[in-house]
Amino acid sequence: MAILVTGGAGYIGSHTTVELLATGHEVIILDDFSNSSPKVLDRLKTITGKNIAFYEGSILNKPFLNKIFKENNIEAVIHFAAFKAVGESVKEPLKYYHNNIVGTISLLEVMAENKVKNIVFSSSATVYGVNNISPLTEDMPTSATNPYGYTKVMMEQILNDVAFADKEWSVTNLRYFNPIGAHESGLIGEAPNGVPNNIMPYITQVAVGKLQELSIFGDDYDTPDGTGVRDYIHVIDLAKGHVLALKDNLATTGSHVYNLGAGQGYSVLDLVKTFEKENNVTIPYTIKPRRAGDIATCYANSNKAKEVLGWTAQKTLADMVRDSWRWQSQNPNGYEE
Ligand code: UD1
């Protein structure tokens with residue numbers, strides 16, 4: 001029995017693939033390389049010593065999806081494949097709704113036709129919107145401020161409705177906080193297209209000399225040092241959370257939702273200073289105005305994942321910044337030559 005990993009060549013998908021293989025699962029990756037590289041597959045083989053079945057294409061292509069289910073004995077899907085840039089989603093909402101929402105519906109329809117009714121979904125703490133107060137718990141109301149965020153809210157709703165209507169389904173929505181870090185080999189990591197939107201790839205690209213300086217978006221928030229506070233989580237801890245969530249998903253039916261965060265907030269300046277100290281590099285920065293849509297503080301209460309799944313984040317902020325830097329310094333241009 002195999003696990004189909006949609007978006008398995010991406011940042012979180014590739015790290016989750018490593019952990020799935022390490023825990024004895026067979027993995028099939030489906031990816032269209034819209035925000036990833038074929039080189040990831042070679043790197044995964046180097047890390048795991050295993051051949052991984054791979055299909056190149058989109059979840060929007062139902063005949064293609066059907067072929068994958070017919071050719072393999074799939075027991076569950078971990079669904080990462082989606083667009084994720086907030087700013088782009090504001091400019092091109094239909095692109096986001098089409099790929100993320102229609103793609104997820106297409107996947108769920110093909111799963112149902114093939115009687116595969118177990119799915120773990122890559123959601124985000126973005127679904128907590130701007131009005132809930134941290135630490136965030138899974139029972140808080142969800143909302144969004146941009147099309148990307150709405151696709152996550154809607155995809156969670158669609159999955160919950162499917163599980164409500166057909167009691168054979170088991171759906172698990174995993175709400176990620178701020179994944180950073182990389183596999184300790186330095187062979188796989190986060191490689192965004194163009195100028196990074198998220199802070200860690202921006203910092204590592206400044207450190208490697210590709211970008212001149214970091215802009216810190218606001219130092220007048222109601223936080224200890226005035227900069228934004230987030231719950232950074234090592235991508236390997238996150239990947240391990242998927243393996244435990246999958247185990248729980250396969251053993252149950254119905255709808256499940258878990259926060260995957262370290263449960264501790266660090267400010268932008270904490271992150272920059274830890275990066276500088278651990279890696280012995282300097283990150284020039286200037287303070288800029290607040291970024292539209294940002295909130296002061298966002299961190300998880302991850303007690304539910306601990307109690308039900310037996311999951312807690314193990315790695316420290318120092319581990320995260322060292323591993324991010326190892327990846328970027330060994331691969332200054334990501335997966336490009
Ligand atoms: C962002 C998205 C969120 C998405 C998540 C994962 C926004 C408003 N939120 O979360 O919806 O789920 O990424 O893709 O885009 N910062 C800087 N300088 C930078 C970049 C970021 O100071 O160049 C600061 C931000 O203001 C924030 C912190 O760093 O305080 C983290 O930012 P980021 O990595 O973009 O993550 P989020 O905004 O938490």
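How much accessible surface does the chain have, and what percentage belongs to carbon and sulfur atoms? The accessible surface comes to about 14,400 Å², and 51% of that belongs to carbon and sulfur atoms; such areas come from the Shrake-Rupley method with a 1.4 Å probe, and for residues only the protein chains shown count as cover.

A quick note before the views. This is a predicted model, where local features need pLDDT of at least 70 and side-chain atom pairs count only at pLDDT 80 or more, while totals for chains, interfaces and linings use all residues. Residues are numbered from 1 along each chain as its sequence is written, and side-chain values use heavy atoms, with hydrogens and water left out.

Figure 1. Helices (H or I, at least four residues) and strands (E, at least two) are DSSP runs, numbered from the N terminus. Along the principal axes, the C-alpha atoms fill a box of roughly 55 × 45 × 40 Å. Of the 337 residues, 53% are buried (under 20% relative accessible area; exposed is over 50%, partly exposed in between; 1.4 Å probe, protein chains only).

**Figure 2. Helix 5, residues 93–113.** This helix has 21 residues and reaches 29 Å from its first C-alpha to its last, close to the 30 Å expected (1.5 Å times one less than its number of residues). Its buried residues include Tyr96, Asn99, Asn100, Gly103 and Leu107. An α-helix has 3.6 residues a turn, so residues three or four places apart point the same way. The buried residues of helix 5 pack against several elements, among them strand 1 (2–6), strand 4 (74–79) and helix 6 (147–165). After helix 5 comes lysine 115, with a positive phi near 60°.

**Figure 3. Lysine 152 in helix 6.** Is this lysine buried or exposed? Lysine 152 counts as buried because its relative accessibility is 5%. Skip its neighbours within four places in sequence, and lysine 152 is in contact (heavy atoms within 4.5 Å) with Ala82, Phe121, Ser122, Ser123, Ser124, Thr126 and Val127. Phenylalanine 54 is 98 residues apart from lysine 152 along the chain, and their C-alpha atoms are separated by 26 Å.

**Figure 4. Isoleucine 199 in helix 7 (residues 199–207).** Which residues does isoleucine 199 touch, leaving aside neighbours within four places in sequence? Its contacts are Leu214, Tyr232, Val268 and Leu271. Threonine 145 is 54 residues apart from isoleucine 199 in sequence and 19 Å apart in space, C-alpha to C-alpha.
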